[in-house]
Amino acid sequence: MAISPPDIVSPALYAQPDLLHERMAVYRRDAPVAWVEQEPYRPFWAVTRHGLIAEVERQYSTFINEPRQNLIPREVEDRTIAMMGKRTAAVRTIIDMDEPDHRKYRGVTQQWFLGPGVARFQGRVEAICTHWIDRMQALGGECDFAVDIAKHVPLSVIMTILGLPEEDSAFVLRCTQQLFGASDPDMQDGAGDYGVTVFHELMGYLTRLVEQRRREPTEDLASVIANGLVDGAPMAMLETLSYLLIATTAGHETTASAMAGGLLALLQNPDQMRKAREQPAVWDSTGADEVVRWVTPIRHMMRTATTDYELGGQKIRAGDGLCLFYLSANRDEEVFADPFRFDLERASGRHLAFGIGNHFCLGRLLALTEIRALFKQLLARLDHIELAGEARPAQSNFIGGLKNLPVRYRFN
Ligand code: HEM
């Protein structure tokens with residue numbers, strides 16, 4: 001069935017979360033697999049129920065990542081293909097890959113992300129949080145938590161794990177914001193090319209990094225990637241650069257969004273703020289995952305069907321695109337009791353904010369470590385905190401969160 005309104009994809013709508021959630025609930029109830037024809041995008045199936053999204057993601061041969069991972073205006077997709085031949089000619093990250101390649105390339109860093117790599121950096125993550133909370137204290141009694149603090153913590157962590165110099169932070173921050181916030185007018189660089197210019201700038205920077213780490217490998221993640229082997233041979237430059245690109249960008253805007261959105265949720269739910277302060281252990285159990293469910297920084301991912309398939313009563317044809325709305329899945333009333341209640345003690349491990357299946361987020365452990373460390377330290381040091389203005393959400397239907405979160409506070 002083709003749905004005209006209600007619109008759930010216009011970037012501007014993502015700055016009105018209540019309206020967006022209201023509409024997503026209608027899709028979940030009445031049309032959980034709906035054919036959407038809405039410019040500037042190619043038509044696609046909107047999948048909004050938790051169970052149906054999991055069904056798609058678990059069948060990774062039937063629903064593949066090539067060629068579309070997220071909603072991109074048709075004109076931009078066409079221009080890229082005209083320039084490059086195919087989309088993955090310029091960048092081929094592990095998110096772009098399907099099996100069997102995906103598993104081989106993921107294997108290059110999986111051990112690092114899931115094992116000793118993250119554990120070794122735990123103390124550094126805590127020190128980075130302390131540094132930025134000190135900065136918040138130094139700013140006096142007011143700041144924009146999204147801009148002054150949340151944006152910087154995950155960036156400092158990524159710079160540290162990749163072994164990049166702190167003075168390059170501003171450059172990396174600008175690149176990731178423009179690449180992932182390309183649909184928000186405040187995030188654009190003036191080139192008006194959906195991030196093509198900034199993409200080339202970042203790739204040049206990463207090329208120099210690869211060359212350096214191949215000459216002089218160290219213990220950092222950049223060295224693991226630059227010297228990674230697939231089928232016993234060094235990865236080609238395209239895949240190596242793309243790997244670094246995803247490692248640099250995937251964990252930054254996402255984790256920052258969770259931090260700012262998490263603080264707003266605490267400010268709007270005084271009972272949860274009290275719990276978070278009085279029972280800090282809640283962060284080690286369920287709290288950080290509930291923050292990620294609540295915010296769902298990646299609003300959707302896409303898949304393409306390789307064969308005809310019946311999903312939720314709809315006939316999907318080979319070649320059709322499916323847009324998996326995590327934001328909707330994480331408010332699915334069939335899975336989460338009272339889904340619009342922010343509850344730090346919710347056993348919300350089933351949320352889909354990190355995806356599910358073979359592309360399940362590699363950085364989950366790192367992201368949760370950062371969120372725990374930040375909130376535990378911040379709330380222990382604050383005597384009082386309140387909103388000092390309007391929280392402004394980004395206009396992005398892909399990766400998004402708060403652009404601004406003005407707060408007023410007093411330290412102990
Ligand atoms: C709250 C923060 C984060 C969220 C919400 C998040 C979410 C996601 C999602 C939804 C996917 C794709 C799943 C799919 O297509 O099925 C993904 C993949 C990925 N994420 Fe994260 N992520 C976060 C933090 C991080 C961090 C900190 C890193 C590392 C620095 C990271 C690295 C990756 C990588 C490398 C992939 C690709 C995995 C693959 O294709 O096999 N993420 N993430």
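Q: What makes residues count as touching Leu362?
A: In this predicted model, contact means that heavy atoms lie within 4.5 Å, and Leu362 touches Ile94, Arg106, Thr109, Gln110, Phe113 and Leu114, where residues up to four places away in sequence are not counted. Leu362 itself has its place in the loop between α15 (326–329) and α16.

Q: Why is Leu362 called buried?
A: The relative accessible area of Leu362 is 11%, and the word buried applies under 20%, so Leu362 is buried.

Q: How many residues apart in sequence are Leu362 and Ala250, and how far apart are they in space?
A: They are 112 residues apart in sequence, while their C-alpha atoms are 9.7 Å apart in space.

Q: How do you know that β5 and β15 pair?
A: Two strands pair if there are at least two bridges between them, and β5 and β15 (residues 406–411) have 3 bridges in the antiparallel sense, so they meet the condition. Within this pairing, Glu142 has Arg408 in β15 as its bridge partner.

Q: What makes β5 and β12 the edge strands?
A: The open sheet of 3 strands has the order β5-β15-β12, with antiparallel pairing, and both β5 (142–144) and β12 (382–387) are edge strands, since each pairs on one side only. From one strand to the next, the twist averages 30 degrees.

Q: Which strands does helix α12 lie across?
A: Helix α12 (residues 253–268) lies across β12 and β15, and runs at about 90 degrees to β12.

Terms used: Residues numbered from 1 in each chain as written. Predicted model: local features only at pLDDT ≥ 70, side-chain atom pairs only at ≥ 80, totals over all residues. Heavy atoms only, no water. Helix = DSSP H or I, 4+ residues; strand = E, 2+ residues; numbered from the N terminus. Axes fitted to C-alpha atoms, helices over the stretch in contact; angles between N-to-C directions. Buried < 20%, exposed > 50% of the residue type's maximum accessible area, 1.4 Å probe, protein only.
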